[in-house]
Amino acid sequence: MLKNKKIILGVTGSIAAYKTATLIRLLVKEGADVKVVMTDEAKNFITPLTLSTLSGHPVLSSFVSNTEGEWNNHVSLGLWADIFLIAPASANTIGKMANGICDNLLLAVYLSARCKTFVAPAMDMDMFAHPATQNNLQTLRNYGNVILPVGHGELASGLSGAGRMLEPEDIVQFVIQNTKATEKLKGKKVLVTAGPTYENIDPVRFIGNHSSGRMGFAIAEEFARHGADVTLISGPTELNELNEKIKRLDVTSAEEMYEKTVKHFEKTDIAVMSAAVADYAPEKVSITKIKKSGDELHLKLRKTKDILAELGRMKTKKQMLIGFALETDNEIENATKKLRAKNLDFIVLNSLKTKGAGFKHQTNKITIIDRNGIKTDYKLKSKSEVAQDIVHKVITAIHA
Ligand code: CTP
C-alpha cells in the first residue's frame, strides 16, 4: 500500500531507535523506497550498517560524507521524498524542529522537505507530559506535520506511562491510513456506522454483542484515503481511528445510533451501515441495580428501530446506501431480500461459514450483491483489504 512511495526515515537518539530495523523491513515490504537519515546520537542505539543494509541505500548523517568528502544535499533529499517519517523523534529533535533550529542533516532535510512529515515521539513519560514538549508538538501540528500517538507501558527509565514510540506495525498502518490513495472521492460525504450497541438493563448490566468495530473502522479509513469526508458513528469499541480526517461520533445504544445516523444522512452522499445494531432492547431500563431474587428473571425486550431500513426510506436518487447482512442459511437469498426490502444499492454478505471470517477476527470473507442481483465473491482477506474491495466497488459504481 506504499508502493513506489519514496520515504525518508529520520532516526534520532532514543532507545526506540533499535526498532527502526523492523520498521524499515515493514516499509520495504509495503513497496516503499526508504532512505535513512540519522543523527549522531541515534548511532549509539543502532548502527548505520544495519539500516543501510535493510534499506538498500547508504545512511546519511552529516552534511559531508566522511569517506568520499561528498556533499549530502539536504535540499534534493527533501524534494526526493513523498513522505518524511521521523521515528523515533526525541524531545530534543522535536524541540529543535518546533523552533527552526538546523544543526544537523536531519533537521536541514526537515526544513527543506515539501512532503508530509510524520513524527513518532519517543521519550520518558515526564518529558512527554512536560508543557514544553506538548507546546512543541502543538507547534509542529500547526505547521501541518502529523504527530503519531505514543504508546503506553514500560519505559527505558523503568517508569511506566505514556511516551513509548508506537510499535513499528502500528507506525506503518498509521502512515498508510494517512497517505492518500487517490482523490477519487474528494468532496464526497461518507457516513459509516461501526461496532456493537449496548442496551442497558440496569445501571451495571447491558445486552451487547461481539462486534469489534474493525470492519467499519477499516471502511471509514479506506474512504478517507480516497479523499472523502468521513463521519464515523461508532458503538462502544477499543479502537482508535487512524486517519485524522475522520470525524468520529461515539454512541452506546441502538436508539442513540439511530438519532445520530438519521440526523447526518441528509448531508451524506454514501452511507455504509456496518454496525452490529441490537435488534431488541429491554423495554424498561431499571434505574437501580436489579437484585438477585428467585430462580428466573424475565426481561421483556422491544424491537429497536432499524436504522438501515429508515435510511432506505429517506434515500434520494443521488445517495448510495450500503448495508451488511450476516446470514447462516440461504445466505444469498436472504441477503438479496434484505437488499430489496431496505432499498439498498449494495449489500455486503458476511460469511459465518468460513473459518477466520466475522466478529473478532482480523479477516473477513464477503460477497457483494448489487441491485441487479449481480454478485461478486471475494477471498478471505484482512479487514483492511476487504474495505479496499468495498470502496473500490463504490468508486467503480460512481464512475460507471
Ligand atoms: N441494522 C440497522 N439497524 C438495526 C439492525 C440492523 O441499521 N436496528 C443494519 C446493520 O447495520 C446491517 C443490516 O442492518 O447493515 C443487517 O443487519 P442484520 O442483523 O444482518 O439483519 P436484520 O435486518 O437485523 O435481520 P435479521 O437479524 O433477522 O437477519
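Guide: This is a predicted model. Start with a pair of helices: H4 and H5 make a right-handed crossing.

Visitor: Which residues make that contact?

Guide: Thr93, Lys96 and Met97 come from H4, and Leu106, Leu107 and Tyr110 from H5. By class, four are nonpolar, one is polar and one is charged.

Visitor: Why are H4 and H5 called oblique?

Guide: Helix H4 (residues 91-98) and helix H5 (residues 105-112) pack at about 40°, their axes 11 Å apart. Roughly parallel needs an angle under 35 degrees, and roughly perpendicular needs 65 to 115. The H4 and H5 pair therefore counts as oblique.

Visitor: What makes H10 and H11 roughly parallel?

Guide: Helix H10 (residues 254-265) and helix H11 (residues 307-314) pack at an angle of about 20°, with axes 10 Å apart. The cut-off is under 35 degrees, so H10 and H11 are roughly parallel. The contact involves Ala254, Met257, Tyr258, Thr261, Val262 and Phe265 of H10, with Ile307, Glu310, Leu311 and Met314 of H11. Eight of these residues are nonpolar, one is polar and one is charged. The crossing of H10 with H11 is right-handed.

Visitor: How do you know whether Asp202 is buried or exposed?

Guide: The relative accessibility of Asp202 is 1%. Buried means under 20%, so Asp202 is buried. Asp202 lies in strand E9 (residues 199-202).

Visitor: What does the side chain of Asp202 make a polar contact with?

Guide: One partner is the side chain of Arg205, at 2.4 Å. The Asp202 side chain also reaches the backbone nitrogen of Ile290, at 2.9 Å. The limit for a polar contact is 3.5 Å. Leaving aside neighbours within four places in sequence, Asp202 is in contact with Val285, Ser286, Thr288, Lys289 and Ile290.

Visitor: Why is Asn343 called partly exposed?

Guide: Its relative accessible area is 26%. Buried would need under 20%, and exposed over 50%. Asn343 falls in between, so partly exposed is the label. Asn343 sits in the loop between H12 and strand E17 (346-351).

Visitor: What is the phi of Asn343?

Guide: Asn343 has a positive phi, near 60°, and is not a glycine. Asn330 also has a positive phi, about 45°, without being a glycine. Asn330 is in the loop between strand E16 (320-327) and helix H12 (331-341). Most residues other than glycine have a negative phi.

Visitor: What kind of peptide bond joins Ala87 and Pro88?

Guide: A cis bond, with omega at about -5°. Pro88 belongs to strand E3 (residues 83-89). Most peptide bonds are trans.

Conventions: Residues are numbered from 1 along each chain as its sequence is written. This is a predicted model: local features need pLDDT of at least 70, side-chain atom pairs count only at pLDDT 80 or more; totals for chains, interfaces and linings use all residues. Side-chain values use heavy atoms; hydrogens and water are left out. Helices (H or I, at least four residues) and strands (E, at least two) are DSSP runs, numbered from the N terminus. Buried means under 20% relative accessible area, exposed over 50%, partly exposed in between (1.4 Å probe, protein chains only). A polar contact is a pair of N or O atoms within 3.5 Å; within protein, one must be able to donate a hydrogen and the other to accept it, and residues adjacent in sequence count only if both atoms are side-chain atoms. Contact means heavy atoms within 4.5 Å. Axes are lines fitted to C-alpha atoms, for helices over the stretch in contact, and angles run from 0 to 180 degrees between N-to-C directions. Angles under 35 degrees count as roughly parallel, over 145 as roughly antiparallel, 65 to 115 as roughly perpendicular and the rest as oblique. A crossing is left-handed if the near helix is turned anticlockwise from the far one by less than a right angle, and right-handed if clockwise. Ala, Val, Leu, Ile, Met, Phe, Trp, Tyr, Cys and Pro count as nonpolar, Asp, Glu, Lys and Arg as charged, and the others, Gly among them, as polar.
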